[in-house]
Amino acid sequence: MWLTTQLKHEGQGLDKSRGSFRNPYDIDTPPGADGWESMYPAYLLFDDGMRVRDEEKLWFFDQMHNPEPLYPFDLMMPESWLVSLNQYTTRVWNLPTALGIEHRIVNGRLYLSPNVIDDPALIAEREPIFLERARHYFENWDAIYENWVGKATDCIERLKSMSFSPLADREPESTVTSARGVTTAFDLLTSYSRYLENMHEMAYYHFEMLNLAYGAYLTFLEFCRSHFPAITDDLVARMVAGIEVILYRPDAELRRLAARAVELGVGDTLKSGGEPDVVIATLRESSVGCQWLEELEDVKDPWFWYSTGAGYCHANRAWMDDLRPPFAAMADYVARVERNEDLSRPLEHLRSERERIAQGYRALLDDEDAVAFDNLLALSRQVFPFVENHNFYVEHWHHSIFFDKARELGAVFVSAGLLDEDDDIFFFHRYEVYQLLYEMEARWALGVPTRSETIWRSEVGRRRRIYAALEAWQPPPALGVPPVTVTEPITVTLFGINSDTIGRWLEAEHGGGDEDSFRGLAASPGTAEGLARVVHRSEELEDLVQGEILVCPLTAPSWSIVFARIAAAVSDGGGIMSHAAIVSREYELPAVVATGVGTQVVHTGDHLRVDGNTGVVTILQRANVNGVAKGASMSSQREEVGS
Amino acid sequence: VNAVDLQQEYVVETVECHPHQLLQVGGKSVGLGSLLRAGQRVPDSFVVTAAAYADWLVSEPRRMSDSVRAAIEEAYRGLFQGDDVTVAVRSSATIEDSSESSCAGQFRTFLGAGGVRQVVEQVEECWLSAFAPHVDSYRADRVHEIGAAADASAVAVIVQELVDARVAGVMFTQHPLTGDRSLVVIEASYGLGEAVVGGEVTPDLFEVNKVTQQLHRRSLGTKPHEHRLADGAHTVATLAVSADRQGEWSLDDNEIMALLSMAGDLEAKLGRGLDIEWAIGTAGDGGEELFALQVRPITVSPRRASLEGGPQTDAIAFTLGRLAGRAMAAEPDGKAGS
């Protein structure tokens, strides 16, 4: 059992006497957020009828995917992964010891709870089915993965080809001449359905291979730990990690384009740091500039379908829609090329390091164990391209287009006078959008209003105010009662939920921790000291000053472009295989993830020490009180956590 | 096991001390011989064998024979080219330092003998100490395992140039508690290694990863005093360590790397799982060097996961078994060092 293993590794089991987290049924609504429940479907709220069961479970905050309050429309992502991931666990693979991961929303935040099977008879019944089915995937992994890339790409292409157009005053004549029978209003409705189905489809592909891939990785990790108790997760990851990974490709393309700009003699224009529109206009004035822009265009699809977040919130725009992040990065890279720095990733070095570490550990094992090591490492490496690459296909490429298509539909409602702005659509759940669609169709059909025109728009206003009030709420890392075991590989690997994490959170919850230091998972080795910069969303990244330590709810891979500037990264969420951890290691940056409390206890300007070897973050000196209001609110939140 | 051959030489070169001569030269001498044959820098030394002790034991009245005395004097003058080199005189008994026994340190060690006359006196003191009550009771328990033939005859004595250690300590080439082979564990404190070996101070602790050659963990000890050579290197003085120095690490990165390299070299030549005593300091008029002072095997039960499901032959079956919730037997019982 995965967590059982973790417990043994870490030498301390979960001690019930250490207590529980706050009861999920006793969480206060933040001021101004009354009625927040109305933004979300009832099946995602804590239900009084389930109280006896639900308050006895552990619910952990999904900081990794949705650090900010959920927009109702963006619930499409968690809701689709709830069914796809869990169907694979529960019904497809029949994982013997795990059922699905439940979802609940509290004050706009998503909380997750894994489920264990402990009935030996049921475990025994599921095991042979699981073994046979999972073996089929492992034995045919490469062929299935190749096919997966085809399916994923096709799903994305179909999404791309969908469009939502405003209804014209008159139905096109072709409807009549072709005797079509149905209208463009009907097209909108069917397109919307296909659009939602497309998201569900991608979510299935997302989890088709992920449980098994994490399982293979965890098995190797566990084998290594049993022989080398001191081995860090980071070292195991470095033995397994791929070298030419699609996830690094967008950044690699920026580096290449920067070098190309210098070559063509337009480096200065890029380096000017102006708004992308201005830079592009200047480039258009010269033929070499035009040539560079053509090369940029060749790269953009698909590599600029790269979200500035984790890919789960529409507000994190992809580079495709917001050129400022890639242009800022290229300005940096141009300067470095001009200083004759080699910006290419040292592939040979990375490859030889990977082998050196693997061979170094292998050499410490006796013969039989060395063969086992080889086999388990080979299996991990075989499954790993999927782990690393699915992230680009799903979260960046597909999700970014998905959100853009929602804006297209939003524009349809704006043109029909139902909404004020394209983005207002995100304040409605996808099933509420069916009502919007119907009401629009009805008005279009009737030729007269259905009801007061302002109904939907004022509802947006109400929800916008609630949303702002929810943003001020500091979600605790966990609620409810810690479990005895967790058997679900994704919970452990991706979310980093183990006895250690839970113990640290409990300590923070009950004020047992040292308030000048806190712990997380050591995700990338090295130590660094510097001033903290607390960043909640990608727009705030601009404030980062060279040498500062990034403290954030999570680090999205696309934030890698600021990694050249920072000394270390600390994130509230994330496991060792989280996007944040992978990229930090790639950039050889000390990183501590899954602290649970980093953004709550650290203020911008605090002097920190980050130890990426031990996972300890120490506040060496508090910032001068330069932001009185902020400092005051932070300390009151700390008191809340400690009470 | 044969009885000590009374016809053996009274004094031998340390480099000639091989494992099969354990009963003649004792465990420490065999360890020193291994270090020399492995090419380590070891302070100059020679060994007064158990044959000399046996000769003394049967003499009546009990006194060192002229031939033994002459052999010691010749070896001392031959090795140190002089009459005034400060040495350590240590007993090297066949019970002590064997890998089955962990009663190291109960035998006599005399630091700072200077001049051949004092050396001869101290060799005799070592022999006498074999009768010390605490040693006797220990040997009485163990003697049947060694064999009756070993009897009371097996005390050899090492005469070794004393290194004026600035810092010294012990090093384990795998974690002594968890058995983790990827770690070298170093304990270090100021001055002669006796402060660490004898448990007088809490040494600085360094755990270094052999594979990455990076520091895995370190903890600062309290190092309140140190033993240093004094009085023209003729005596050993116990000095207080200033608060500032106590707060500093006793080893720098280069020194840690040199020790790591020594560990790797010795494991390659002598096998896995070694407990090494070392010192960084000067011997005679030489400059500062890293010396290996002693080596012995450590016995840690090897760590291994249960390979049920056979990852050696079928990694998929093993992985599926793990995913199905089968426990990996023989799990580590604690995370190293935390």
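Predicted model: local features only at pLDDT ≥ 70, side-chain atom pairs only at ≥ 80, totals over all residues.

Reader: What makes the contact of A:Arg135 and B:Asp314 a salt bridge?

Author: The N to O distance between their side chains is 3.0 Å. The cut-off is within 4 Å, so the pair qualifies.

Reader: Why is A:Arg135 called partly exposed?

Author: Its relative accessible area is 23%. Buried would need under 20% and exposed over 50%, so A:Arg135 falls in between. B:Asp314, at 24%, is partly exposed too.

Reader: How do you know whether B:Glu255 is buried or exposed?

Author: Its relative accessibility is 14%, which is under 20%, so B:Glu255 counts as buried. B:Glu255 forms a salt bridge with B:Arg166, the closest N and O atoms being 2.6 Å apart. That pair links distant parts of the chain, with B:Arg166 in strand S6 (residues 164–172) and B:Glu255 in helix H8 (residues 253–270) of chain B, 89 residues apart. B:Arg166, at 24%, is partly exposed.

Reader: What makes B:Glu277 and B:Arg296 a salt bridge?

Author: Their closest N and O atoms are 3.2 Å apart, within the 4 Å cut-off, so the pair counts. Strand S12 (residues 274–282) of chain B holds B:Glu277 and strand S13 of chain B holds B:Arg296, 19 residues apart. Both residues are buried. Over all chains, the search finds 65 salt bridges.

Reader: Now the sheet: why are S5 and S6 of chain A said to stand at the edges?

Author: The open sheet has eight strands in the order S5-S12-S11-S7-S8-S9-S10-S6 (chain A), with mixed pairing. S5 (517–519) and S6 (521–524) each have a single partner strand, so one side of each is left without a neighbour in the sheet.

Reader: How do you know that S5 and S12 of chain A pair?

Author: Pairing takes at least two bridges, and these strands share three, so they pair, in the antiparallel sense. The bridge partner of A:Arg519 in S12(A) is A:Val616.

Reader: And what lines the largest pocket?

Author: There are 46 lining residues, and among those nearest the centre are A:Arg238, A:Pro525 and B:Gln214. By class, 16 are nonpolar, 15 polar and 15 charged. Helix H15 (residues 347–362) of chain A gives the most to this lining, with six residues. The space in the pocket is about 1200 Å³.

Methods. Residues numbered from 1 in each chain as written. Chains lettered and ligands numbered in written order. Heavy atoms only, no water. Helix = DSSP H or I, 4+ residues; strand = E, 2+ residues; numbered from the N terminus. 1 Å grid on protein atoms, 1.4 Å probe; cavity = no way out; pocket = protein on both sides within 12 Å on 5 of 7 lines; lining within 4 Å. Points joined across faces, edges and corners; volume = space filled by probe spheres on them. Nonpolar A, V, L, I, M, F, W, Y, C, P; charged D, E, K, R; others polar. Buried < 20%, exposed > 50% of the residue type's maximum accessible area, 1.4 Å probe, protein only.
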